[in-house]
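Please open the model in a viewer and keep the selection tool at hand.

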Amino acid sequence: MAVVPVALAGRAYDVVIEEGLLSRLGTAAARFLAPYGATRKVPFVADSTTHRLYREGIEASLGAGGHVAEWFVVEPGEDAKTWPVLEQLTDWLLAMGVTRSDHVFALGGGVVGDLVGFAAAITKRGCGFVQIPTTLLAQVDSSVGGKTAINTAAGKNLIGAFHQPALVLIDPLVLDTLPDREMRAGYAEVLKYGLLGDAAFFAWLEGNGARVLAREPEALAHAIATSITMKAAIVAADERETLDRRALLNLGHTFGHALEAETGFSDLLLHGEAVALGMVLAARYSARRGELADADAARTVQAIAAAGLPASLPALGLTCDGAALVEHMRHDKKAEGTTLPFLLLRGIGEAYVARDVALADIAAFLDAELNGAS
């Protein structure tokens, strides 16, 4: 078992990583289950896939301690992160009599975690929640750090709140049921940690990425623990992204969110796939500016392509131009007045925030990439 503390003043919590943790949920989360006693049901939120796979085991584990789960089930995908679903969820929580000292349990990927976290942030001005991430992307990234949000017509994650979980429970065994495409999408976020701040970890992934994707226990545990340790340190140093430290976690996301928007936030391009291609574009644009060696840009592209992730913009078959993608970027929540910070690279493991990027230059760069520039 590995325990990674997220050291926030007054809101510190642990990320527990252990195989088989889900089957021992009644014990692992006993402190947050106890207030419900035997008379009140425990609120669990899951998507229909995780509900089908894990409901029976969770109910058995809870039942051993005298607890009963009540389920709110959403459909998988970004459509669950909407105003109507948020309204239904908060109404359900209120009908269950959830109090400010209670904890709601989020079982699923990043969509469920974001939805539940935001609902917990606004229900009775803030109740607690426990994250039980079941995708690699959620385990290494979205379950930790307290960013919660829903999507709107204007863009992704534009309505939300910072609301930290009380506990994060990571069971690597649940990844055995994760589709390979989802596994690769989550792996993009693992690669991101190496690119943004740990050249040695990136080099380790170059040699061991196939083992991680194959779910070999030792390699997978190392990748998860290293990623979470890095994120915990960054979040502790810059919880609300008021400094440039936490902004580094957005490497690949400005380009990636624009690509997601252009493809309608659909299964045509999963979030992790968009981030992977966004990192390719960030590396190539950094090389274009003369800040990143061509060899390091090539390493970035190769590591992403070797994982079976999108590494070429023309492969998406988009019909837009660079200006259309830049227009999506203007709605980015990180926009500052008329400018937009970009996460770029000076080297492998050396990401930084660039505030001198002209959007017209980004549009020209993207036009060249769309036309297959090498």
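A residue is called buried when its relative accessible area is under 20%. The model shown here is predicted.

**First stop: an aromatic pair**

Select Phe-255 and Phe-342. With a relative accessible area of 3%, Phe-255 falls under the 20% limit and is therefore buried. Phe-342 is likewise counted as buried, because its relative accessibility is 0%. The structure holds 7 aromatic pairs. Phe-255 and Phe-342 form a tilted one, with 5.5 Å from centre to centre and 55 degrees between the planes. This pair links distant parts of the chain, since Phe-255 belongs to helix α11 (residues 253-262) and Phe-342 to strand β10 (residues 342-347), 87 residues apart.

Move to Asn-250, which is placed in the loop between α10 (244-247) and α11. Is Asn-250 buried or exposed? Its relative accessible area is 8%, under the 20% limit, so Asn-250 is buried. Show its surroundings next: leaving aside neighbours within four places in sequence, Asn-250 is in contact with Lys-147, Glu-241, Lys-334 and Leu-343.

Select Val-15, Phe-44, Leu-136, Tyr-187 and Leu-366. In the largest nonpolar core, which has 105 residues, these five touch the most other members. Helix α12 (residues 271-288) supplies the largest share of this core, with 11 residues. Another core, of 22 residues, lies apart from it and includes Ala-80, Ala-119, Ala-120 and Ile-150.

Return to Tyr-187 and display its contacts. Beyond its neighbours within four places in sequence, Tyr-187 meets Leu-136, Leu-205, Gly-209, Val-212, Leu-213, Ala-307 and Leu-309.

How many cavities of 30 Å³ or more does the structure hold? There is 1. The largest cavity contains about 50 Å³ of space. To outline it, select the lining residues Leu-21, Leu-22, Leu-25, Ile-132, Pro-133, Thr-134, Leu-169, Ile-170, Asp-171 and Val-174. The elements that give two or more residues to this lining are β6 (128-133) and β9. By class, the lining of the largest cavity comprises 8 nonpolar residues, 1 polar and 1 charged.

Select Arg-11, Tyr-13, Gln-164, Pro-165 and Ala-166. Among the 18 residues that line the second largest pocket, these lie nearest its centre. Two elements, β2 (13-17) and α2 (30-33), each give two or more residues to the lining of this pocket. The volume of the second largest pocket is about 270 Å³, and its lining is made up of 8 nonpolar, 5 polar and 5 charged residues.

**Last stop: Pro-165**

Keep Pro-165 selected. This residue is found in the loop between β8 (155-162) and β9 (167-170). Pro-165 counts as buried because its relative accessibility, 4%, is under 20%. Which residues does Pro-165 touch, not counting those up to four places away in sequence? They are Tyr-13, Phe-129, Gln-131, Ser-143 and Gly-146. To finish, draw a distance from Pro-165 to Ser-23: the two residues are 142 residues apart along the chain, and their C-alpha atoms are separated by 20 Å.

Methods: Residues are numbered from 1 along each chain as its sequence is written. This is a predicted model: local features need pLDDT of at least 70, side-chain atom pairs count only at pLDDT 80 or more; totals for chains, interfaces and linings use all residues. Side-chain values use heavy atoms; hydrogens and water are left out. On a 1 Å grid over the protein atoms alone, a cavity is a set of points where a 1.4 Å probe fits but cannot get out, and a pocket is an open set with protein on both sides within 12 Å along at least five of seven lines; lining residues have an atom within 4 Å of a point. Grid points are joined across faces, edges and corners, and a volume is the space filled by probe spheres set on the points. Helices (H or I, at least four residues) and strands (E, at least two) are DSSP runs, numbered from the N terminus. Ala, Val, Leu, Ile, Met, Phe, Trp, Tyr, Cys and Pro count as nonpolar, Asp, Glu, Lys and Arg as charged, and the others, Gly among them, as polar. Buried means under 20% relative accessible area, exposed over 50%, partly exposed in between (1.4 Å probe, protein chains only). Contact means heavy atoms within 4.5 Å. A nonpolar core is a set of buried Ala, Val, Leu, Ile, Met, Phe, Trp, Tyr and Cys residues joined through side-chain atoms within 4.5 Å. Rings of Phe, Tyr and Trp (its six-membered ring) pair if their centres lie within 6.5 Å; planes under 30 degrees apart count as stacked, over 60 as edge-to-face and the rest as tilted.
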